[in-house]
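Please examine the sequence and the structure shown below. The report that follows treats strand pairing, helix packing and salt bridges in turn.

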Amino acid sequence: MIPPLTIGIPVKNEENTIFSTLLALKQALNRLDKHVQFETIICLNGTTDNTLAVIQNKQTQELCKDLHLSIVHSRAGKLVAERKIANVRKLNGFILYCDADVIIDRAAIKKLYNIMCANDTLRVACAKVLPIFKGRLNNFQKIMKAYYEMRYLLPQRGYFHGRLFIVRDAQDILKKYNLAPRLKRVPRNIIKKLYLDKGPICDDIILSMAIVHKYGQNAIKHVPGAKVYFYPPDNRYDFFLGVRRYTIETQRINMLFPEYALINTSKRFERLVKINKWTLFRRKKHLAETLMEFELFLSNLVKDYELENHKLELWETVKSSKCKLKK
């Protein structure tokens, strides 16, 4: 039996990027075997811009007529949207999750799908994430570029990146957790101010921890031949927002799921600040290490100031200056 495929796209305020993502998705799906059944589900979670209008306009509808597209809504939160997609899908097969601000390589989905079919012990296969830089780079972008060019010198981390990945069965990792007994260990004021009663919310980093905890590290497969491209932050503020979101969500998960804390603090999940391997590109190595040290500094700043003080505005929406993708 050929497993069917659900493509799930969590979307929040992506009016400038969603068309390009859907275009790349269609081109990638054309590479799949013609006998593979698939559906595409967009989940709008907390969207306040014109994303829905862009999806519903004539140009996008013409593009999507072969994608078997449906649109659903959920409250804000990437993991919330992924859970909603898993619950409303019509096909009972693999689920491929894709961010709404990426460009998928044409061969990526076929490679991920084939690997899952060939190895029934895998729970997740994920794509290699690569940056896109256009035009003249500012100083911060030059540092970002150096970092991504030097990443091959770093050991492969144990988690999988959420920009493009395929899962075998989402029910055991996207389930609704019984939080009541877990919340008993946490003071009420922290539960309220960190919204712990809502469980995992804004980042799907918990999926990596849950899979490693339940199935072991070998259940995750990184597929270098499957590529997905994204526009990295072009300024320090946007970079801070990404670090802030990841740091806060990781700390919330550690409070709710202490059994995952050992995984998150293990060497396989560690965020390094030094590149130990030798390279001719010493300046690029220095710039990459500078960015990693800056990331660690920002993460500690969030832990020491925002989390320690349990700030009420932790989940307020902050408008990002993320690079716009052109149609």
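How many bridges join β4 to strand β7 (residues 164-167), and do the two run parallel or antiparallel? The strands β4 and β7 are joined by 4 bridges and run antiparallel. The model is a predicted one, in which local features need pLDDT of at least 70 and side-chain atom pairs count only at pLDDT 80 or more, while totals for chains, interfaces and linings use all residues. Residues are numbered from 1 along each chain as its sequence is written, and side-chain values use heavy atoms, with hydrogens and water left out.

**Strands**

Helices (H or I, at least four residues) and strands (E, at least two) are DSSP runs, numbered from the N terminus. Two strands pair if DSSP finds at least two bridges between them.

Burial is judged by relative accessible area: buried means under 20%, exposed over 50%, and partly exposed in between (1.4 Å probe, protein chains only). Strand β4 (residues 94-98) has 5 of its 5 residues buried, so it is largely enclosed by the rest of the structure. From β4, Phe94, Leu96 and Cys98 point one way, whereas Ile95 and Tyr97 point the other way. In β1, 7 of the 7 residues are buried, so this strand too is largely enclosed by the rest of the structure. Both faces of β1 are covered, with Leu5, Ile7, Ile9 and Val11 on one side and Thr6, Gly8 and Pro10 on the other.

**Helix packing**

Helix α9 (residues 205-215) packs against helix α10 (residues 236-256) at an angle of about 40°, and their axes are 10 Å apart. That makes α9 oblique to α10. Angles under 35 degrees count as roughly parallel, over 145 as roughly antiparallel, 65 to 115 as roughly perpendicular and the rest as oblique. Axes are lines fitted to C-alpha atoms, for helices over the stretch in contact, and angles run from 0 to 180 degrees between N-to-C directions. Ile205, Ile206 and Met209 of α9 make the contact with Tyr246, Glu249, Thr250 and Ile253 of α10, where contact means heavy atoms within 4.5 Å.

**Salt bridges**

The whole structure holds 12 salt bridges, each defined as a side-chain nitrogen of Lys or Arg within 4 Å of a carboxyl oxygen of Asp or Glu. Three of them are listed here.

| Pair | N to O distance |
|---|---|
| Lys78 and Asp99 | 2.8 Å |
| Lys284 and Glu149 | 2.7 Å |
| Arg252 and Glu249 | 2.8 Å |

Lys78 lies in helix α4 (residues 78-88) and Asp99 in the loop between β4 and β5 (102-104), 21 residues apart. Both Lys78 and Asp99 are buried. Lys284 in helix α12 (residues 282-309) and Glu149 in helix α6 (residues 139-150) are 135 residues apart. Lys284 is partly exposed, with a relative accessible area of 31%, and Glu149 is partly exposed at 28%. Arg252 and Glu249 both lie in α10, 3 residues apart, about one turn of the helix, and both are buried. Salt bridges with shared partners also join Lys78, Asp99, Arg163 and Asp204 into one network.
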